[in-house]
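Subject: Structure handover

Hello,

Here is the structure I promised. Please have it open while you read the notes below it.

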Amino acid sequence: MAINDLIKLANNKVAGTRILGFDLGTKTIGLALSDPGLTVASPIQTLQRRKFSADVVILQSLVGERNIGAFVFGLPTNMDGSEGPRAQGTRDFATNLVNHIKLPVAFWDERLSTAVVERLMIDEADLSRKKRAGSVDKLAAAYILQGALDALATNQGTA
């Protein structure tokens, strides 16, 4: 499958399927899931990264269990909009993933997503660092995916 903008992604996925959102880190992968109507993103889990082949097995299982029809990856761009090594790593992971799981994929700017989620967890929920560590990646994935879903809802799905 090709890498798409959000509008093409929504049009190319099977009707009624969900979108799996990714916050790809060096040690973990935060995952979030849309509802079938593509309006709400919910955090589902944080995976500890292993070898790519092991990560693919877990993701293939999720695709089947959760009726996933597309992927949205948070793209870690620099504050000036340029892409650095982390963005290239995310693009490489996504390209490798769609070679194994043939679903449409799109990228969404994730600038400051983890910082926003951590700030909310500190200010609003008053969570300790230890409690935040277990949730921040999947919540960041939900924040990223929700931004993409909101853009789809307003029909401005280019990233």
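Strand 3 is mostly covered, with seven of its seven residues buried. Buried means under 20% relative accessible area, exposed over 50% and partly exposed in between (1.4 Å probe, protein chains only). Strands (E, at least two residues) are DSSP runs, numbered from the N terminus.

This is a predicted model: local features need pLDDT of at least 70, side-chain atom pairs count only at pLDDT 80 or more, and totals for chains, interfaces and linings use all residues. Residues are numbered from 1 along each chain as its sequence is written, and side-chain values use heavy atoms, without hydrogens and water.

Thr 28, Gly 30, Ala 32 and Ser 34 point one way from strand 3. Ile 29, Leu 31 and Leu 33 point the other way. In a regular strand the side chains alternate between the two faces of the sheet.

Now the partners. Strands pair if DSSP finds at least two bridges between them.

- Strand 2 (residues 18–24) runs antiparallel to strand 3, with five bridges. Phe 22 has Leu 31 as its bridge partner. A hairpin of three residues links the two strands.
- Strand 4 (residues 41–48) also runs antiparallel to strand 3, with seven bridges. Thr 28 has Gln 48 as its bridge partner. Six residues lie between strand 3 and strand 4 in their hairpin, and Leu 38 in the turn has a positive phi of about 60°.

Ile 29 sits in strand 3 (residues 28–34). Ile 29 counts as buried because its relative accessibility is 0%. Beyond its neighbours within four places in sequence, its contacts (heavy atoms within 4.5 Å) include Phe 22, Leu 47 and Phe 93. Asp 137 is 108 residues from Ile 29 in sequence, yet 6.8 Å away in space, C-alpha to C-alpha.

Best wishes

Key. Helix = DSSP H or I, 4+ residues; strand = E, 2+ residues; numbered from the N terminus.
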